[in-house]
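User: Can you walk me through this one? I'd like to start with the charged side chains, then get the overall layout.

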Amino acid sequence: MYDALSEGPRSDEFAIARIREVESITTRRLYTRLLDELDAYDELDIPETYPRATDEVRQVVEDVVEQLEAADLTCIVQVDQLEDAARNTRTFEQLLAGLQSIGDLGETRPAFILFLFGTPEAGDRLDELRETLSSRLVAKDRSLERFEFSETEELIARWLAWARDEEYTEGYLSDPYTASAIL
């Protein structure tokens, strides 16, 4: 899915930041990984070094949001292996604090669209702690929902069709979970 989005015919409409290895992430580290991922986009001027204080790094992220909006880009943030962070409450809270912070950014529309991937256990842990994350998102008419399998299947099929500049109809030409869908 990541490859289809980042290399598809519509890839110039968005930026993708893939955040992995979150088992020991802090809020500041989330921001710096996000900035590191966005450094690959020529439209964005990302500094070579970042301040030490978390709030100052967040200010750099806010500056990048202005650049995203000027370039008419939205950033898809894909967080993988959420269950790794969910094992440690402090780490998970740090991750959620960063996601909450970036999820609220954007003047007229969200600057970041968050996709959180993990096991059902991570989803349950998120449900326990999500009040902080969802409270500010809901305040801006945004919500946090967990997809069921059928919804996930349809979402992936729609994204693949969109990224490949194809028409989505009920179902998809190939099962999105097979090797043929990746090709």
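User: Which residue does Glu 62 form a salt bridge with?

Analyst: Glu 62 pairs with Arg 58 in a salt bridge, and their closest N and O atoms are 1.9 Å apart. Keep in mind that this is a predicted model.

User: How far apart are Glu 62 and Arg 58 in helix α3?

Analyst: They are 4 residues apart in helix α3, so about one helical turn separates them.

User: How many salt bridges does a search of the whole structure find?

Analyst: The search finds 4. Another one of them joins the side chains of Asp 80 and Arg 18, at 3.3 Å from N to O.

User: Where do Asp 80 and Arg 18 lie?

Analyst: Asp 80 lies in the loop between β2 (74-79) and α4 (82-86), while Arg 18 is in strand β1 (residues 14-19). The pair therefore ties together parts that are 62 residues apart in sequence.

User: Is Asp 80 buried or exposed?

Analyst: Asp 80 is buried, with a relative accessible area of 12%. Arg 18 has 23%, so it is partly exposed.

User: What does Arg 109 form a salt bridge with?

Analyst: With Asp 72. The closest N and O atoms are 3.2 Å apart. Arg 109 lies in the loop between α5 (89-103) and β3 (112-116), and Asp 72 in the loop between α3 and β2, so this pair ties together parts that are 37 residues apart in sequence. Arg 109 counts as partly exposed, at 36% relative accessibility.

User: What about Gln 81, where is its place?

Analyst: Gln 81 sits in the loop between β2 and α4. Gln 81 is not a glycine, yet it has a positive phi of about 55°. The residue is partly exposed, with a relative accessible area of 38%.

User: Now the surface. Which residues gather in a patch of negative charge?

Analyst: Asp 36, Asp 39, Asp 45 and Glu 48.

User: Where does Glu 48 lie?

Analyst: In the loop between α2 (27-38) and α3 (54-70). Glu 48 has a relative accessible area of 82%, so it is exposed.

User: OK, zoom out. How many helices and strands does the protein chain have?

Analyst: There are 8 helices and 3 strands. From the N terminus, the order is α-β-α-α-β-α-α-β-α-α-α.

User: What share of the protein chain counts as buried?

Analyst: Of its 183 residues, 43% count as buried. The accessible surface of the chain comes to about 10,600 Å², and carbon and sulfur atoms hold 45% of that.

User: Last one, contacts. What percentage join residues at least 24 apart?

Analyst: 67%, taken among contacts between residues at least 6 apart in sequence.

Key:
Residues are numbered from 1 along each chain as its sequence is written. This is a predicted model: local features need pLDDT of at least 70, side-chain atom pairs count only at pLDDT 80 or more; totals for chains, interfaces and linings use all residues. Side-chain values use heavy atoms; hydrogens and water are left out. Helices (H or I, at least four residues) and strands (E, at least two) are DSSP runs, numbered from the N terminus. Buried means under 20% relative accessible area, exposed over 50%, partly exposed in between (1.4 Å probe, protein chains only). Contact means heavy atoms within 4.5 Å. Accessible areas come from the Shrake-Rupley method with a 1.4 Å probe; for residues, only the protein chains shown count as cover. Patches are made of residues with over 30% relative accessible area and no salt bridge: like charges are joined within 9 Å, nonpolar side chains (Val, Leu, Ile, Met, Phe, Trp, Tyr) within 5 Å. Lys and Arg count as positive and Asp and Glu as negative; His and the chain ends are not counted. The place of a charge is taken as NZ of Lys, CZ of Arg, CG of Asp or CD of Glu.
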